[in-house]
Amino acid sequence: MTRNERYMQTALKLAQRGIGSVEPNPAVGCIIVKADQIISRGWHKKFGGTHAEINALRNCKKSPRGATMYVTLEPCCHLGKTPPCTDAIIKAGIIKVVAATKDPTKKVNGKGFKILKKAGIKVETNVCKKEGESLNAPFFKFARTKKPWVIIKWAQSKDGFLARSDKKRWITSTKSRKDSHKLRKKSQAILIGINTVLADDPMLTARLDSGKQPIRIVLDSRLRIPMNCNLVKTARKIPLLIFTTLKNNKKILQLKKKAVAIATVDSAEGKCNIKSVLANLGQRDIAQVIIEGGKKTITSFLKQKLADEIIIYTSNERLADKGRVKISRQMKKAYHHVTNNYFEKKRFDTDLFLKAFMK
């Protein structure tokens, strides 16, 4: 590992601290190095807040003049919710900027690097590029396609059941479920089908200390959602968006009175066209969505090859006659892909966590 790579790895670890708080912005980390010593660290902490480069400059223990800045994404050069980072970098007297990746958005896309070079600052790019793009994979996809990054997630028993038929409620451990709620907190939206609402009456919240909650989305072509379900009852506090194929329906007005957002999309075999759903989410600036179920909804996304990432929690228990709802053929195929191509593997008690990209 080169010195530049070592410093960039430090910046990448800092960037991870912002995941779950900065979306739809990218998570960015930054360190400032002078005389081969790190004199400051910073990261983007929340959406609308100061960027990583500004935080690092403000945190400097020594003057940054003559120092090198390591940043995980090309510095911005436009006025948005905050002033351009390029201006602050030039003013601070930074003499070199090392970046992991270029910012692919139209407003930046290499312009930040050009401004820095014009000011006499040396620029080196693509240091730990793969790690930088992986860190913000949803951001990069959304910037290039205006479509959200799709994560499909499910929990299953060792013999492939999604639910139990005995008195026990859960398949996986408490630690697995806590990790699943952390994942929800990091995402902008959670999507389920109407059958999951009717069967489980879920809240779809991230049950952690943080007050941030993802948008809850339901695919409900015929508007079968009960008016007294948990999702509808909490819609004034936590956003709820329902996709349907219906246009003129009394229930639409009733739901809107309960602060539920309704979007009508075209039909595909009597169900909501999920490609139209994803396009609609992109128009709403939702860059990342988790598909949590049920079996039919997950299978629909897999059939149409719309998954970017798959996360599976597998318990060590075989349910046999205590199990109900077996994973579909497409889910089994995806499971084998994940077990053979995972890029992250963890253990939660006896449960196995695997994560893999699909493309």
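Before going on, a word on the model: it is predicted, so local features need pLDDT of at least 70 and side-chain atom pairs count only at pLDDT 80 or more, while totals for chains, interfaces and linings use all residues. Residues are numbered from 1 along each chain as its sequence is written, and side-chain values use heavy atoms, leaving out hydrogens and water.

Back to Thr234, then. You will find this residue in the loop between α9 (230–233) and β10 (240–244); helices (H or I, at least four residues) and strands (E, at least two) are DSSP runs, numbered from the N terminus. Thr234 counts as buried because its relative accessibility is 16%, where buried means under 20% relative accessible area, exposed over 50%, and partly exposed in between (1.4 Å probe, protein chains only). Leaving out residues up to four places away in sequence, Thr234 touches Met203 and Arg216, with contact meaning heavy atoms within 4.5 Å. Val260 is 26 residues from Thr234 in sequence, and their C-alpha atoms are 9.4 Å apart.

Let us move to the charged pairs. A salt bridge here is a side-chain nitrogen of Lys or Arg within 4 Å of a carboxyl oxygen of Asp or Glu, and by this rule the count comes to 15. One of them pairs Lys153 with Glu292, with 3.4 Å between the closest N and O atoms. This pair links distant parts of the chain, 139 residues apart: Lys153 sits in strand β6 (residues 149–156) and Glu292 in strand β14 (residues 288–293). Are these two residues buried or exposed? Both Lys153 and Glu292 are buried, and for Glu292 the reason is a relative accessibility of 17%.

Beyond its neighbours within four places in sequence, Glu292 is in contact with Lys153, Arg184, Ile190, Leu191, Ile192, Leu204 and Ile298.

Other salt bridges involve partly exposed residues. Glu317 pairs with Lys322, the closest N and O atoms being 3.8 Å apart; Glu317 has a relative accessible area of 23%, so it is partly exposed, and Lys322 is partly exposed at 33%. Glu344 and Lys346 also meet in a salt bridge, at 3.4 Å from N to O. Salt bridges that share partners join Asp179, Glu309, Glu344, Lys346 and Lys355 into one network.

Gly294 lies in the loop between β14 and α12. The peptide bond from Glu23 to Pro24 is cis as well, with omega near 10°, and Pro24 lies in the loop between α1 (3–16) and β1 (29–34).

Helix α12 (residues 295–303) packs against helix α13 (residues 329–341): their axes come within 8 Å and cross at roughly 65°. Axes are lines fitted to C-alpha atoms, for helices over the stretch in contact, and angles run from 0 to 180 degrees between N-to-C directions. On the α12 side the contact is made by Lys295, Ile298, Thr299, Leu302 and Lys303, and on the α13 side by Gln330, Met331 and Ala334. Within α12, Thr297, Ile298, Thr299, Phe301 and Leu302 are buried.

Finally, some backbone angles. Most residues other than glycine have a negative phi, and most peptide bonds are trans. Just after α12, Lys305 takes a positive phi of about 55°. Leu223, not a glycine, has a positive phi of about 50°; this residue is found in the loop between β9 (215–219) and α9 and is buried because its relative accessibility is 5%. Ala259 has a positive phi too, near 75°. Ala259 is placed in the loop between α10 (250–257) and β11 (261–264), and at 31% relative accessibility it counts as partly exposed.
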